[in-house]
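Dear colleague,

Please find the structure below, handed over for your study.

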Amino acid sequence: KLNKDYFKFKKFDLSYDLEIIKNIDEFLLISSKYNFSNFNKEEIVNHLKNECEMIIVRILDKIVHIRYLSLNLKSKNFIEPRFPVDFNKEATFGGGFTLPEYRRRGINSYVIYKMMKYFSEKKIDYMVYTINNKNNASINSHAGFENEFIGKGYIINVLMFTIIIIFKNEK
């Protein structure tokens with residue numbers, strides 16, 4: 001749900017093109033048209049093989065942001081295996097990255113908003129995900145939305161602290 005602070009990122013130039021890539025064939029169709037040079041194509045294909053969907057944001061022909069989405073157990077376990085998700089009403093996402101020279105322009109907030117709309121169209125009530133507590137840019141970009149903090153955890157295998165947050169879609 002958008003709160004009153006959501007529109008704060010409208011001050012940025014939002015002349016971005018956003019697409020959701022749902023499979024490898026769609027990626028192969030666009031990969032020759034756009035500049036993915038700052039992203040690992042093998043990693044992208046690996047995510048898509050594991051049934052992840054991918055949001056890309058481009059400015060002109062350059063890809064400036066990618067993020068992976070999960071709407072099923074196979075892709076969820078590939079993106080974020082540490083917590084349960086009920087795919088009848090929940091989805092998860094991860095792996096968002098904006099090129100450094102395009103940060104602080106509202107791109108991540110724009111992508112979050114578009115993900116909320118996309119998930120809502122698919123009748124998803126909650127988005128469950130983690131954020132590293134040291135990732136202030138990501139925490140700040142999520143702050144413009146009403147979200148519910150549900151817990152803290154430790155990733156034992158890499159000793160990194162995480163925050164788990166849920167967005168609720170209002171019906």
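Arg-58 counts as buried because its relative accessibility is 12%, where buried means under 20% relative accessible area, exposed means over 50%, and partly exposed lies in between (1.4 Å probe, protein chains only). This is a predicted model, in which local features need pLDDT of at least 70 and side-chain atom pairs count only at pLDDT 80 or more, while totals for chains, interfaces and linings use all residues. Residues are numbered from 1 along each chain as its sequence is written, and side-chain values use heavy atoms, with hydrogens and water left out.

Which side chains meet Arg-58 in salt bridges? A salt bridge is a side-chain nitrogen of Lys or Arg within 4 Å of a carboxyl oxygen of Asp or Glu. One partner is Asp-17, at 3.8 Å from N to O. This pair links distant parts of the chain, with Arg-58 in strand E2 (residues 53–59) and Asp-17 in strand E1 (residues 17–21), 41 residues apart. Helices (H or I, at least four residues) and strands (E, at least two) are DSSP runs, numbered from the N terminus. Another partner is Glu-19, at 2.3 Å from N to O. Glu-19 also lies in strand E1, and 39 residues separate it from Arg-58. Together, Asp-17, Glu-19 and Arg-58 are linked in a network of salt bridges. Asp-17 counts as partly exposed because its relative accessibility is 37%, and Glu-19 counts as partly exposed at 24%.

The whole structure contains 3 salt bridges. One of them joins Lys-62 to Glu-101, whose closest N and O atoms are 3.2 Å apart. Here Lys-62 belongs to strand E3 (residues 62–70), whereas Glu-101 sits in the loop between strand E4 (90–98) and helix H4 (107–121), 39 residues away. At 44% relative accessibility, Glu-101 is partly exposed.

Glu-53, in strand E2, is a contrasting case. Glu-53 is buried yet has no salt bridge, and the nearest side chain of opposite charge, Lys-22, is 5.2 Å away. The side chain of Glu-53 does make a polar contact with that of Tyr-118, at 2.5 Å. A polar contact is a pair of N or O atoms within 3.5 Å; within protein, one must be able to donate a hydrogen and the other to accept it, and residues adjacent in sequence count only if both atoms are side-chain atoms.

Tyr-118 is among the buried residues of H4, which also include Ile-107, Val-111 and Phe-119. H4 is followed by Lys-123, whose phi is positive, near 65°.

Finally, a note on confidence. The pLDDT is the predictor's confidence in each residue, from 0 to 100. The protein chain averages 75, and 68% of the residues score at least 70. Among its elements, helix H1 (residues 24–31) has the highest mean pLDDT (92) and strand E7 (residues 160–168) the lowest (48). Over residues 153–171 the pLDDT is below 50, and this stretch has 64 contacts in the model beyond near neighbours in sequence, a contact being heavy atoms within 4.5 Å. Where pLDDT is low, the predicted coordinates should not be read in detail.

With kind regards

Conventions. Lys and Arg count as positive and Asp and Glu as negative; His and the chain ends are not counted.
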